[in-house]
Amino acid sequence: MTADWLTSVLKPGDLVVVAQGTGEPTPLLEQLVHAAPPDVEVFVGLSHSTALTGPAARARPLVSFGALGPLGRLAANGTVSVIPCHFRDVPRALASRNPEQIVVALQVSGADETGHHSLGLSVDYTYDLLGRARAVVAEVNDRLPHTTAPRVHSAQLTATMPSSRPMPTITAGTTGPVHETIARHVAGLVPDGATIQLGVGTLPSAVGRALESRRDLRVHSTLAGTWLLDLARSGALSDEPGAVTICEAAGSPELYDWVVEAGVLVRPVSELSRPGTVADQFVAMNSALQVDLTGQVNAEELGSGYVGGIGGQPDYLRAAQQSRDGCSVVMLPATTGDGTRSRIVRGLHAGAVTTPRSHVDVVVTEHGIADLRGKSLAERAEALIAIAAPGHRSSLRETP
């Protein structure tokens with residue numbers, strides 16, 4: 001298949017939903033960005049490729065559930081329209097947006113002897129849309145491994161494009177003293193035998209390293225970075241079957257090999273991010289842009305515009321609270337990178353409440369831990385001011 005599918009498969013008014021992350025069908029996305037008909041809408045998520053970084057992407061209106069990675073720049077210039085919704089609700093939101101003309105574009109492995117393709121290392125919102133899609137277009141990558149992920153039969157594919165390319169290597173960035181200090185604080189909240197949820201990025205990677213001395217840990221997380229492999233190599237993970245369940249692995253080639261060899265469960269988002277689906281001692285650890293003095297969390301917007309997303313944060317934090325001996329943790333540096341602005345604030349930017357205050361047990365910065373459990377609003381404010389950067393505490397106490 002060549003770019004001809006853009007005219008032979010697509011129809012006016014279609015909504016093309018493109019898989020994201022390590023499941024992104026990059027060749028298909030590149031074709032959509034450069035040559036999709038103007039009357040076709042394209043939905044994209046987090047991208048690790050260059051498909052959304054060039055002039056063609058800046059000229060094409062796109063839709064997303066957030067503004068992660070290169071989408072942050074596109075959102076700033078108005079190219080991306082954001083649908084605010086929980087990550088697990090993306091299929092429902094898109095079905096409401098265009099119930100009759102959804103086209104799914106995803107990446108699958110080569111077919112096995114029964115004609116089934118594996119979704120490999122990533123199962124996202126596209127999986128739950130397969131049953132209602134008008135058409136399914138797939139990049140068939142012979143280097144994508146067969147894993148425990150759900151499979152798609154060749155008969156379900158309207159059009160295919162063969163490829164042979166490695167999975168992208170995702171680096172977490174360089175950690176500094178602030179990240180390491182926050183990670184040590186957070187690790188103190190995770191006991192042996194806990195089930196954890198992390199994500200990808202600099203701070204989750206630091207937390208993962210800080211947990212390497214733990215034992216019998218289980219993982220229940222939409223995203224897993226190379227910290228997962230580090231925990232396995234350090235002996236921190238439980239060796240029970242099914243101890244690690246994820247929706248996507250995003251890291252090093254060694255991580256991908258381990259996910260296959262260890263039989264890690266790669267499952268749909270709908271199976272992981274529902275409250276009540278995890279074991280005891282579930283500790284959900286999520287990053288934030290801002291936390292206000294009542295404990296409300298903003299993980300979406302700053303003065304520069306929409307730069308994040310709701311994702312699974314509210315779902316996981318609430319699930320942790322409903323787990324026996326669980327803990328919902330929000331972690332963030334106390335200030336912006338240059339130190340001039342506090343990220344513990346009186347009011348969230350643009351009133352963007354990603355997670356309500358009732359879902360937050362503990363907030364952690366490099367200056368300590370604010371345990372909000374059982375505290376009144378006034379007590380919460382004092383606890384949060386105590387972990388703000390010292391230079392900003394007096395202004396946070398001022399009467400507005």
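Predicted model: local features only at pLDDT ≥ 70, side-chain atom pairs only at ≥ 80, totals over all residues.
Residues are numbered from 1 along each chain as its sequence is written, and side-chain values use heavy atoms, with hydrogens and water left out.

Let me stay with Ser118, which belongs to strand β6, residues 116–118; helices (H or I, at least four residues) and strands (E, at least two) are DSSP runs, numbered from the N terminus. Is Ser118 buried or exposed? Its relative accessibility is 0%, so Ser118 counts as buried, given that buried means under 20% relative accessible area, exposed over 50%, and partly exposed in between, with a 1.4 Å probe and protein chains only. Contact means heavy atoms within 4.5 Å, and, not counting residues up to four places away in sequence, Ser118 touches Val108, Ser109, Leu144, Pro145, His146, Thr147, Ala149, Pro150 and Arg151.

Leu130 sits in the loop between β6 and β7, the latter being residues 135–141, and with 13% relative accessibility Leu130 counts as buried. Leaving aside neighbours within four places in sequence, Leu130 is in contact with Val104, Leu106, Val136 and Val152. Of these, Val104 is 26 residues from Leu130 in sequence, and the two are 7.0 Å apart in space, C-alpha to C-alpha.

Now to the helices. Two packed helices are described by the angle between their axes and the distance between the axes. Here the axes are lines fitted to C-alpha atoms, for helices over the stretch in contact, and angles run from 0 to 180 degrees between N-to-C directions.

Helix α6, residues 177–187, packs with helix α7, residues 202–210, at an angle of about 55 degrees, and their axes are 8 Å apart. That angle makes α6 oblique to α7, since angles under 35 degrees count as roughly parallel, over 145 as roughly antiparallel, 65 to 115 as roughly perpendicular and the rest as oblique. On the α6 side the contact is made by His179, Glu180, Ile182, Ala183, Arg184, Val186 and Ala187, and on the α7 side by Thr202, Leu203, Ala206, Val207, Arg209 and Ala210. By class, the residues of this contact of α6 with α7 are eight nonpolar, two polar and three charged, where Ala, Val, Leu, Ile, Met, Phe, Trp, Tyr, Cys and Pro count as nonpolar, Asp, Glu, Lys and Arg as charged, and the others, Gly among them, as polar.

How does α7 lie relative to α8, and at what angle do the axes cross? The axes of α7 and helix α8, residues 227–234, come within 9 Å and cross at roughly 5 degrees, and α7 and α8 are therefore roughly parallel to each other. Their contact is made by Pro204, Ser205, Gly208 and Arg209 of α7 together with Trp227, Asp230 and Leu231 of α8, which gives three nonpolar, two polar and two charged residues.

Looking at burial in these two helices, the buried residues of α7 are Leu203, Pro204, Ser205, Ala206, Val207 and Gly208, and what covers them includes α6, α8, β14 (282–287) and β19. In α8, Trp227, Leu228, Leu229 and Leu231 are buried, and they pack against β10 (195–197), α7, β11, β12 (244–249) and α9 (253–261). Just after α8, Gly235 takes a positive phi of about 85 degrees.

Strand β11, residues 218–224, holds His220, which is buried, with a relative accessible area of 10%. The side chain of His220 reaches the backbone oxygen of Leu272 at 2.9 Å.

Finally, two loop residues. Asp325 lies in the loop between α11 (313–322) and β19 (327–331), where its phi is near 60 degrees, a positive value in a residue other than glycine, and at 62% relative accessibility Asp325 counts as exposed. Ala350, in the loop between β20 (344–345) and β21 (362–365), has a phi near 55 degrees, again positive in a residue other than glycine, and Ala350 is exposed, with a relative accessible area of 59%.

Note on methods: Polar contact = N/O pair within 3.5 Å; in protein donor to acceptor, adjacent residues only side chain to side chain.
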